[in-house]
Amino acid sequence: MHRARSSVAFPHRCGDFVVTLPEAFQATVSLGGDATALRSHDRTAQFSWRQYGDAVRDIACGLLELSVEKGETIGLMLANRPEFHLVDAAALHVGATPFSIYKTMAPQQIAEVCANAENRIIVTESRFLPALRQAGVTFEVIVCVDSPIRGTLSLERLAGMTAKAHIFESVWRDVRPDDLATISYTSGTTGSPKGVELTHANVLAQLTGLAGHLPVGPQDRILSYLPAAHIADRVTAHYGAMVRGVQVTTLDDPTRSAEAMSDTRPTIVFGVPQV
C-alpha cells in the first residue's frame, strides 16, 4: 500500500475506541454529512455520507423484514459497485455475516462456498444469475441490484420494506465485538476455498494497527478495484472507509484502472503483485 501524502487520523472514535463496525459507521455518517462517501467511476451513482447512512438503514430494515437473524450468513456476488458497500454495511447493522463470492468462480465452486456458508439469501447482479442457477443452489431469496428479473427481489423493493424501522437502532447497537463481520473464502489455496472467520474486533484491530503506519481520514480517496471477496479490498476500501471516512470510488472493470486513477486521483493505492 502506498500513501501519496501525509494526513491525520479521522477525528472521531476510530478503531481504537469503537467496538463494532456499525458503531464506527454511524459515527462516521454523523460527521461526514453531505461530503461524498461513495461514487462509481462511470458517475452513474454517488452517495454522500448522509445518503449512505439512509440507504444502509433502509436496506437493513428490509433484511429484518426478511427475518434475517443475528449471525445469519448473506452471500454477495457483486462486481465493484456502490451497492456492495450499501448491502454489506446494512447486513452488518442487523448482526448478519455478509460474505463475497468471486465473480469468476465456476458454478461448482459457488455451490461449495454456499454449502459451507449455508446462506439462504444471495445478493447479486443479473449477469451472474446464470452461474448461480447452474450451481444448483436453492436460495430462499435472490436480491438483484440492477434489473427487475422474474423470481428475484429488487434492491429498491427491499429498501422500501420499512416496517421494522422502529427497531433499527436497537438492533445495530446489539451487535457485539465477537460477532462475525465476514467469512473470507481463500483464493490460491489447494482444494476448495477455506472460509476464514473474521469478527468485528478482528477487523477493527487490523485498522488500528494500520493507523500507526498509514493514517487516513475524510480528506483521502481510494479506488476500489480489487474483488470484495479478497480481504485486501474489504479492509482498505470498505471497512477502512466506514471507520475513517475515506471517499471510495468503485471500478467495475479493472482493465480501466489507469483511467480511473487519473479521474479519482487516489491518495491511497493498494496493489497486489498482479497489478
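## Helix H4 and its cover

The model is predicted. In helix H4, residues 107-117, the buried residues are Ile110, Val113, Cys114 and Ala117. Seen down the axis of H4, these buried residues fall within an arc of 95 degrees, so they line one face of the helix. An α-helix has 3.6 residues a turn, so residues three or four places apart point the same way.

What covers this buried side?

The face of H4 turned away from the buried side carries exposed residues. They are Gln108, Ala115 and Asn116. Glu118 follows H4. The phi of Glu118 is positive, near 60 degrees.

## Aromatic pairs

How many aromatic pairs does the structure hold? There are 4 aromatic pairs. In the pair of Phe25 and Tyr52, the ring centres lie 4.8 Å apart and the planes meet at 70 degrees, so the pair is edge-to-face. An angle over 60 degrees counts as edge-to-face.

This pair links distant parts of the chain. Phe25 sits in helix H1 (residues 21-32), and Tyr52 sits in helix H2 (residues 49-65). The two residues are 27 residues apart. Are they buried or exposed? Both Phe25 and Tyr52 are buried. With Trp49, Phe25 and Tyr52 form one aromatic cluster.

Notes
Residues are numbered from 1 along each chain as its sequence is written. This is a predicted model: local features need pLDDT of at least 70, side-chain atom pairs count only at pLDDT 80 or more; totals for chains, interfaces and linings use all residues. Side-chain values use heavy atoms; hydrogens and water are left out. Rings of Phe, Tyr and Trp (its six-membered ring) pair if their centres lie within 6.5 Å; planes under 30 degrees apart count as stacked, over 60 as edge-to-face and the rest as tilted. Helices (H or I, at least four residues) and strands (E, at least two) are DSSP runs, numbered from the N terminus. Buried means under 20% relative accessible area, exposed over 50%, partly exposed in between (1.4 Å probe, protein chains only). The arc is that of the directions from the helix axis to the C-beta atoms.
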